[in-house]
Amino acid sequence: SQIARQEIKMVYANTSKAFPAVQAAARCGIPSLWNIRDSEDGMAWPQQYGEKLAQEMWSSFSLAGAVVFVADATRRLFTKWQTKENYHTIHNGLDRKRLERNMSKWQRQSVRQSLGVAAEELLILSVGTVGERKGQLDLVLATEKLSGTAARQTHIVLVGAKEDAYGARVRAARELLPEERRRRFHIIPETPEAAKYYTAADIFA
């Protein structure tokens, strides 16, 4: 195989879709590290990829020398396929200098103005793929329960919305808010410019 010919010592497979690399490494007797970064539940794989392919993906958990997750919550989604002590959690690191460089491209006041946020108002920011496991819908429901004074002083910004079923639920819940609260609840699609919103934020949720 190509793996054997190149004298590869270890295989790194990034995300669940890279499971063929784990299987190839196992056939060549080479250790592999499978980095599961996905937020989706593996039980959804038959619907996404078909039953046969899902079975292949599930079986790969026992073949990897190490299966590394970036969050314990993600790890718990896959415990049903753990057959040996090869699961580990290593949290994603944050390159603060890189984030600060990206933030420096934006002026806090101008970003807040573009969102309609006054200088004295509070901006709560949630950045990340909008999905059921992360529960951003709860932020919409919490907005309903804010006191009148708190609601008039607060903006909530979700960054990372997708055009999927859960994203539709979040948007639909926002539409049910009273007009003034709805105006203060911002839903932003996935964007490479997340640093823009960090620049404007007061609280991270």
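**Figure 1. Lining of the largest pocket, by residue class.** The lining of the largest pocket has 15 nonpolar, 11 polar and 15 charged residues. The model shown here and in every other view is predicted. The volume of this largest pocket is about 1,500 Å³. Its lining counts 41 residues, and those closest to the pocket centre are Asn92, Val127, Gly128, Thr129 and Lys134. Several elements give two or more residues to this lining: helices H5 (72-77), H6 (96-103), H10 (165-175) and H12 (194-200), together with strand S6 (154-161).

**Figure 2. The second largest pocket.** About 190 Å³ of space lies in this pocket. Among its lining residues are Leu125, Ser126 and Val127, then Gly128, Lys134 and Gly135. Gln136, Asp138, Leu139, Tyr198, Phe204 and Ala205 also belong to the lining. Two elements, strand S5 (122-127) and helix H8 (137-145), each give two or more residues. S5 gives the most, with 3 residues. By class, the lining divides into 6 nonpolar, 4 polar and 2 charged residues. Val127, Gly128 and Lys134 line this pocket; these residues are also among the closest to the centre of the largest pocket.

**Figure 3. The largest nonpolar core.** This core has 18 residues. Trp34, Phe61 and Phe78 have the most contacts inside it. Helix H2 (19-28), strand S2 (32-36), helix H4 (51-59) and strand S3 (66-69) each give two or more residues to the core. H4 gives the most, with 3 residues.

**Figure 4. Surroundings of Phe61.** Neighbours within four places in sequence are left aside here. Phe61 is then in contact with Trp34, Ile36, Trp45, Val67 and Phe69, and also with Phe78, Trp81, Asn86 and Tyr87. Two of these partners, Trp34 and Phe78, are listed with Phe61 as having the most contacts inside the largest nonpolar core. A second, separate core has 12 residues, including Ile124, Val140, Leu158 and Tyr166.

**Figure 5. Strand S6 between its partners.** S6 is largely enclosed by the rest of the structure, because 8 of its 8 residues are buried. S5 and S6 run parallel and are joined by 6 bridges. In this pairing, Val127 stands opposite Val159 in S6. S6 also pairs with strand S7 (residues 185-189), again in the parallel sense, over 5 bridges. Here Val157 stands opposite His186 in S7. S6 is also one of the elements that give two or more residues to the lining of the largest pocket.

**Figure 6. Thr74 in helix H5.** Thr74 lies in helix H5. Its relative accessible area is 2%, so Thr74 is buried; the cut-off is under 20%. Leaving aside neighbours within four places in sequence, Thr74 is in contact with Ile36, Asp38, Phe69 and Arg133. Ile36 and Phe69 are also contacts of Phe61. Helix H5 itself gives two or more residues to the lining of the largest pocket.

**Figure 7. Lys145 in helix H8.** Lys145 lies in helix H8. Its relative accessibility is 71%, so Lys145 counts as exposed; the cut-off is over 50%. Lys145 and Arg98 are 47 residues apart in sequence. In space, the C-alpha to C-alpha distance between Lys145 and Arg98 is 37 Å. Helix H8 is one of the elements that give two or more residues to the lining of the second largest pocket.

Methods:
Residues are numbered from 1 along each chain as its sequence is written. This is a predicted model: local features need pLDDT of at least 70, side-chain atom pairs count only at pLDDT 80 or more; totals for chains, interfaces and linings use all residues. Side-chain values use heavy atoms; hydrogens and water are left out. On a 1 Å grid over the protein atoms alone, a cavity is a set of points where a 1.4 Å probe fits but cannot get out, and a pocket is an open set with protein on both sides within 12 Å along at least five of seven lines; lining residues have an atom within 4 Å of a point. Grid points are joined across faces, edges and corners, and a volume is the space filled by probe spheres set on the points. Helices (H or I, at least four residues) and strands (E, at least two) are DSSP runs, numbered from the N terminus. Ala, Val, Leu, Ile, Met, Phe, Trp, Tyr, Cys and Pro count as nonpolar, Asp, Glu, Lys and Arg as charged, and the others, Gly among them, as polar. A nonpolar core is a set of buried Ala, Val, Leu, Ile, Met, Phe, Trp, Tyr and Cys residues joined through side-chain atoms within 4.5 Å. Buried means under 20% relative accessible area, exposed over 50%, partly exposed in between (1.4 Å probe, protein chains only). Contact means heavy atoms within 4.5 Å. Two strands pair if DSSP finds at least two bridges between them.
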